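Here's a quick tour for anyone meeting this structure for the first time. Have a look around, then read on.

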Amino acid sequence: MASEKPQDLVVTCTAPVNIAVIKYWGKRDEALILPINSSLSVTLHQDQLKTITTAAISKDFTEDRIWLNGQEEDVGQPRLQACLREIRRLARKRRSTGDGDALPLSLSYKVHVASENNFPTAAGLASSAAGYACLAYTLARVYGVEGDLSEVARRGSGSACRSLYGGFVEWQMGEQADGKDSIARQIAPEWHWPQLRVLILVVSAEKKQMGSTAGMQTSVETSTLLKFRAESIVPERMKEMTRCIQERDFQTFAQLTMKDSNQFHATCLDTFPPISYLNDTSRRIIQLVHRFNTHHGQTKVAYTFDAGPNAVIFTLDDTVAEFVAAVRHSFPPATNGDKFLKGLPVTPVLLSSELKAALAMEPSPGAVQYIIATQVGPGPQVLDNAHAHLLGPDGLPQQDP
Ligand code: DP6
């Protein structure tokens, strides 16, 4: 269908972070970023964590440029180049099929991009998924591309294609060599399971760990466990996890989430030389969750960990306050008592002496820096407000948009 609306030359969008409950780890094609197994994630709410990106095109720009968190970055990075190439290819394709007559010149225009996170990058929270999803979504708007953007986001970072949708999202691995069927798809919208809550426990990390890209490459080359997982475990788990979400079966959802996180970290240990992303605090959080669940005689809380020591906790609204009190008891804030909990408000409660005894943990002060309380959220959004643009009329970053 021909677009009647003239194309915007400057667009600002936001995109969410996602956290996988069935993990992606390993590529079958490094260049196209095609995974060895499907994965499934929960999109987190942008009120707490999001990337905001402005893209502008103009005949006056002489080169493509990008600023991340205010700093100009090298636009020649291969993944960035892949995203730009891909979006321009789609725009050209659309034009040649007669869909984009309203935008004849813009394809030759250079683009300026500015992107910021509303959460500290230093916290070690995965920002590349939100960042590349936001880039793909914003570039699509500015170049007048419609339809699924999995391919564009994926070329930036595999997990980014899952941040293109809200709610519960699967990334189907696909079978084709060209990756055309390796796409993200929403399996349930953000309002599907309103009781679900997410707590991010930001753990102090002493040293920098190996990044996902290099880590999974070594795993694919050396871990027989990873091969077994991808071929024989994940296909069943994808079906089971989808069922748990559809039926809002928290107990099984929680158990499978923990098992899949543990298996991912087991494949890291099976990598040679081994990789370990968890630290002592991560392991103490695992112990805390299991003791909490054992005390209650049911699975009320689940943990999952990506390529770093931070824990992401899933629970239901009726359990948040008690679990936060348990974390505070085991990891008392070192200095910032009042800033320990960010995000959604949580009413403070006292821990029962029975639960304290059941946790049986020596407190480790300061080991958890802070908690971000959030929930399931929607996919990328276009910001209509012109004041939101990160780039000024001159195409350069604004000081205080
Ligand atoms: C452990 O998407 O960051 O978070 O495709 O190389 O950019 P690249 O890797 P990336 O890997 C994420 C791995 C994970 C699990 C997951 O999100 O599924």
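Which residues in α7 meet which residues in α8? From α7 they are Arg 284, Leu 288, Val 289, Phe 292 and His 296, and from α8 they are Glu 322, Phe 323, Ala 326, Val 327 and Ser 330. Keep in mind that this is a predicted model. Now for the wider picture, topic by topic.

**The chain as a whole**

**A five-stranded sheet**

- Strands of a sheet pair through backbone hydrogen bonds, and they can do so parallel or antiparallel.
- Here, five strands make an open sheet with mixed pairing, and their order is β13-β14-β12-β16-β15.
- At the edges you'll find β13 (301-304) and β15 (341-343), each of which pairs on one side only.
- On average, and ignoring direction, neighbouring strands of this sheet are turned by 25° against each other.
- Zoom in on β15 and you'll see three bridges joining it to β16 (residues 368-375), with the two strands running parallel.
- Within that pair, Leu 341 stands opposite Ile 371 in β16.

**Helices against the sheet**

- Helix α6 (residues 250-270) lies across β12 (196-203), β13 and β14 (311-316), and it runs at about 25° to β13.
- Helix α8 (residues 320-330) packs on the sheet too, touching β12, β13, β14, β15 and β16. The direction of α8 makes about 15° with that of β12.

**Helix on helix: α7 and α8**

- Two packed helices are described by the angle between their axes and the distance between the axes.
- For α7 (residues 280-296) and α8, the angle is about 135° and the axes are 11 Å apart.
- That angle makes α7 oblique to α8.
- The crossing of α7 and α8 is right-handed.
- Sorted by class, the contact of α7 with α8 has six nonpolar, two polar and two charged residues.

**Helix on helix: α5 and α6**

- The axes of α5 (residues 224-246) and α6 come within 11 Å and cross at roughly 165°.
- Angles over 145 degrees count as roughly antiparallel, and α5 and α6 are therefore roughly antiparallel to each other.
- This crossing of α5 and α6 is left-handed.
- On the α5 side, the residues that meet α6 include Leu 225, Leu 226, Ile 233, Met 241 and Ile 245. Among their partners in α6 are Phe 253, Leu 256, Lys 259, Asp 260 and Ala 266.
- The residues of the contact of α5 with α6 split into nine nonpolar, five polar and seven charged.

- Most residues other than glycine have a negative phi, and most peptide bonds are trans.
- The peptide bond from Phe 272 to Pro 273, though, is cis, with omega near -5°. Look for Pro 273 in the loop between α6 and α7.
- Ile 33 isn't a glycine, yet it has a positive phi of about 55°. Ile 33 sits in the loop between β3 (27-29) and β4 (34-35).

How values were computed
Residues are numbered from 1 along each chain as its sequence is written. This is a predicted model: local features need pLDDT of at least 70, side-chain atom pairs count only at pLDDT 80 or more; totals for chains, interfaces and linings use all residues. Side-chain values use heavy atoms; hydrogens and water are left out. Two strands pair if DSSP finds at least two bridges between them. Helices (H or I, at least four residues) and strands (E, at least two) are DSSP runs, numbered from the N terminus. Axes are lines fitted to C-alpha atoms, for helices over the stretch in contact, and angles run from 0 to 180 degrees between N-to-C directions. Contact means heavy atoms within 4.5 Å. Angles under 35 degrees count as roughly parallel, over 145 as roughly antiparallel, 65 to 115 as roughly perpendicular and the rest as oblique. A crossing is left-handed if the near helix is turned anticlockwise from the far one by less than a right angle, and right-handed if clockwise. Ala, Val, Leu, Ile, Met, Phe, Trp, Tyr, Cys and Pro count as nonpolar, Asp, Glu, Lys and Arg as charged, and the others, Gly among them, as polar.
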